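The stops below are meant to be taken in order.

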Amino acid sequence: MRAPPCIAKTLCCLALAACSGGGSGGVPLGLDGPPAMLVSRARVDLPYRFSELSLRSSRNLGTARVADRSGRETRARLHPDGSRVVFARERQDDDPSSRELFVSSVDGSSAELRLTVNSARDDQPVWSPDGARVLFVSERDGDAGLWTCDDRGADVERFLPAPPGYRDEEPDWCKATDRVVFSRRDPDGHHVLWIAEGGGFGEVQLTDGGATSGADHGDRQPAFSADGNEVVFVRRSAVDRATLCVCDVATGEVTVRLAPDGEVAWPSFDPVDARLWFGLAEPTSGRGTLRLAHAPRAAGPPTLLWPDERWTFCGLAFLPGHAAAPAGGAPERLDITEAAFAVVLASDAFGAVSQLAEDDGEEFYVRTTASSGRQIAGVNLSLTLPVSPPEDVVEVRVRARARVSRIDGEPVLRMSLRNLVDNRYDTVIELTPTSTGEQELSFRTSSLRHIDRSGGLRFTVIADLEPGDPADLWIDLVEVEVLPRS
């Protein structure tokens with residue numbers, strides 16, 4: 001329905017920062033205390049050139065990282081002393097078989113040390129409970145198996161022989177129980193979880209891999225809880241479909257905790273509170289990249305800590321400064337009519353901000369214009385969150401409903417958040433419309449990287465269409481909720 005003429009205007013081709021990717025205004029929140037997480041991540045477009053071990057708070061603040069070199073770095077694990085980190089690095093671009101193990105220091109106090117030097121893949125390292133040895137996956141004898149070395153890369157030994165034709169991978173070593181959990185792949189490609197004693201003996205099967213079969217399907221990427229009584233893992237049923245599961249070690253009972261329309265990867269138990277952390281990708285919701293997310297241990301939807309689509313999640317370790325998350329109070333829906341509002345790169349616009357308040361068919365209209373070989377238009381909204389200090393914002397929820405008049409070629413509906421720390425706009429959603437009807441764009445985030453010191457939050461809703469004739473973008477709803485600290 002075309003909006004009544006409460007506000008109508010024809011615009012020149014005004015390129016706001018939301019479209020160019022830059023940002024201005026607002027002062028970012030500073031890191032209060034030491035970092036709490038060591039996260040492996042890589043740029044989606046150039047993972048070999050831009051891969052890093054980032055040091056962040058559990059609210060996504062901070063800019064420090066472990067000193068690195070070219071090569072994708074994955075599966076970083078923190079030494080029990082809290083100062084050293086072991087990880088795998090690809091020596092050749094897009095070649096997992098070139099992975100070798102390295103040890104570095106979190107604070108840069110010691111030079112990087114290469115643990116393995118050979119032509120076989122060495123991968124997925126984890127420290128022993130006393131930090132004296134490293135357990136890792138190696139293909140030096142053909143099929144992948146579990147090996148150990150000391151913290152200088154010497155004294156290499158096979159940890160546990162796998163049956164002929166089987167592959168043992170993805171180990172985790174529990175400090176509390178001195179037990180190792182790992183994923184064993186049979187000759188048909190099906191994975192199940194096994195547990196062994198820290199001495200490399202007494203292996204027993206823990207899970208059955210689920211009902212589905214297929215190459216590399218089944219139970220993957222296990223991690224112990226701090227007390228060793230539970231294991232969180234990924235149950236893969238297709239190339240891009242996986243569920244998040246938890247297994248009771250004593251009984252073998254498996255509980256499905258999260259079944260997204262997409263996949264999860266490299267889960268972990270939070271060491272200090274009842275949360276699970278994992279990489280999450282939901283392509284049908286416009287979030288195809290694996291992004292760091294968390295969810296309550298018992299029940300509840302996931303929340304993104306890293307909403308940015310540019311980086312893919314490759315592993316997580318917790319630093320000694322990690323603390324329990326603040327408890328959230330009741331969600332409060334904000335009055336969107338109080339938002340500062342601007343139109344982005346449009347040839348025409350028609351309507352009023354009040355028409356964004358409800359999903360009622362009263363739509364705000366924006367017409368695209370040519371830019372960088374595409375037809376683009378959208379809106380930019382700024383709100384001040386009613387929480388003081390802004391560090392007490394536990395979660396922000398954003399939802400919008402929009403439609404476009406044509407979907408030929410590769411159309412995109414995009415929602416982005418202003419990133420104060422990196423002075424850019426982070427794309428949270430890139431959704432390909434399946435029809436000219438209404439599409440929903442929504443996300444939850446606990447990132448404080450996107451809130452300024454006055455509690456300001458800025459985001460965009462944009463249509464980015466194939467070149468050709470101008471097209472219409474209709475926005476019927478923009479909804480923002482905030483959860484303050486209880």
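What follows is a walk from one selection to the next, with a note on what is there.

This is a predicted model, in which local features need pLDDT of at least 70, side-chain atom pairs count only at pLDDT 80 or more, and totals for chains, interfaces and linings use all residues. Residues are numbered from 1 along each chain as its sequence is written, and side-chain values use heavy atoms, with hydrogens and water left out.

**Stop 1: Asp 472**

Select Asp 472, which is in strand β36 (residues 472–484). Strands (E, at least two residues) and helices (H or I, at least four) are DSSP runs, numbered from the N terminus. Is Asp 472 buried or exposed? Asp 472 counts as buried because its relative accessibility is 16%; buried means under 20% relative accessible area, exposed over 50%, and partly exposed in between, with a 1.4 Å probe and protein chains only.

Now show the side chains of Tyr 365 and Arg 367. The Asp 472 side chain makes a polar contact with that of Tyr 365 at 3.1 Å and another with that of Arg 367 at 2.5 Å. A polar contact is a pair of N or O atoms within 3.5 Å; within protein, one must be able to donate a hydrogen and the other to accept it, and residues adjacent in sequence count only if both atoms are side-chain atoms. Not counting residues up to four places away in sequence, Asp 472 touches Tyr 365, Val 366, Arg 367, Arg 403, Val 404 and Ser 405 (contact means heavy atoms within 4.5 Å).

**Stop 2: salt bridges**

The structure holds 56 salt bridges, a salt bridge being a side-chain nitrogen of Lys or Arg within 4 Å of a carboxyl oxygen of Asp or Glu. Select Asp 168 and Arg 184, whose closest N and O atoms are 2.7 Å apart in a salt bridge. The pair links distant parts of the chain, 16 residues apart: Asp 168 is in strand β13 (residues 167–173) and Arg 184 in strand β14 (residues 179–185). Both Asp 168 and Arg 184 are buried.

Next take Arg 297 and Glu 230, a salt bridge with its closest N and O atoms 2.8 Å apart. Here the two residues are 67 residues apart, with Arg 297 in the loop between β23 (287–296) and β24 (303–304), and Glu 230 in strand β18 (residues 230–238). Arg 297 is partly exposed at 22% relative accessible area, and Glu 230 is partly exposed at 24%.

A further pair is Arg 275 and Asp 273, whose side chains meet in a salt bridge at 3.4 Å, N to O. Arg 275 counts as buried at 9% relative accessibility, while Asp 273 is partly exposed at 21%.

To see a network, select Glu 90, Arg 99, Arg 121, Asp 123, Glu 139, Arg 167 and Glu 169, which are linked by salt bridges.

**Stop 3**

Move to His 450, in the loop between β34 (439–445) and β35 (456–465). His 450 counts as buried, because its relative accessibility is 2%. The side chain of His 450 makes a polar contact with the side chain of Asp 426 at 2.8 Å.

Which residues line the largest cavity? They are Val 396, Val 398, Leu 417, Phe 443, Thr 445, Ser 447, His 450, Ile 451 and Leu 457. A cavity is a set of points on a 1 Å grid over the protein atoms alone where a 1.4 Å probe fits but cannot get out, and lining residues have an atom within 4 Å of a point. Grid points are joined across faces, edges and corners, and a volume is the space filled by probe spheres set on the points. The count comes to one cavity of 30 Å³ or more, and the largest cavity has a volume of about 40 Å³. β31 (393–404) and β34 each supply at least two residues of that lining.

**Stop 4: backbone and cysteines**

Select Ser 388 and Pro 389, joined by a cis peptide bond with omega about 0 degrees. Pro 389 is in the loop between β30 (374–384) and β31.

Then look at Arg 75 in strand β5 (residues 73–78). Phi of Arg 75 is near 55 degrees, a positive value in a residue other than glycine.

Finish with the cysteines. The structure holds zero disulfides, a disulfide being a pair of cysteine sulfur atoms within 2.5 Å. For Cys 245, the nearest cysteine sulfur is that of Cys 247, 9.3 Å away. Cys 245 counts as buried at 0% relative accessibility.

Key: 1 Å grid on protein atoms, 1.4 Å probe; cavity = no way out; pocket = protein on both sides within 12 Å on 5 of 7 lines; lining within 4 Å.
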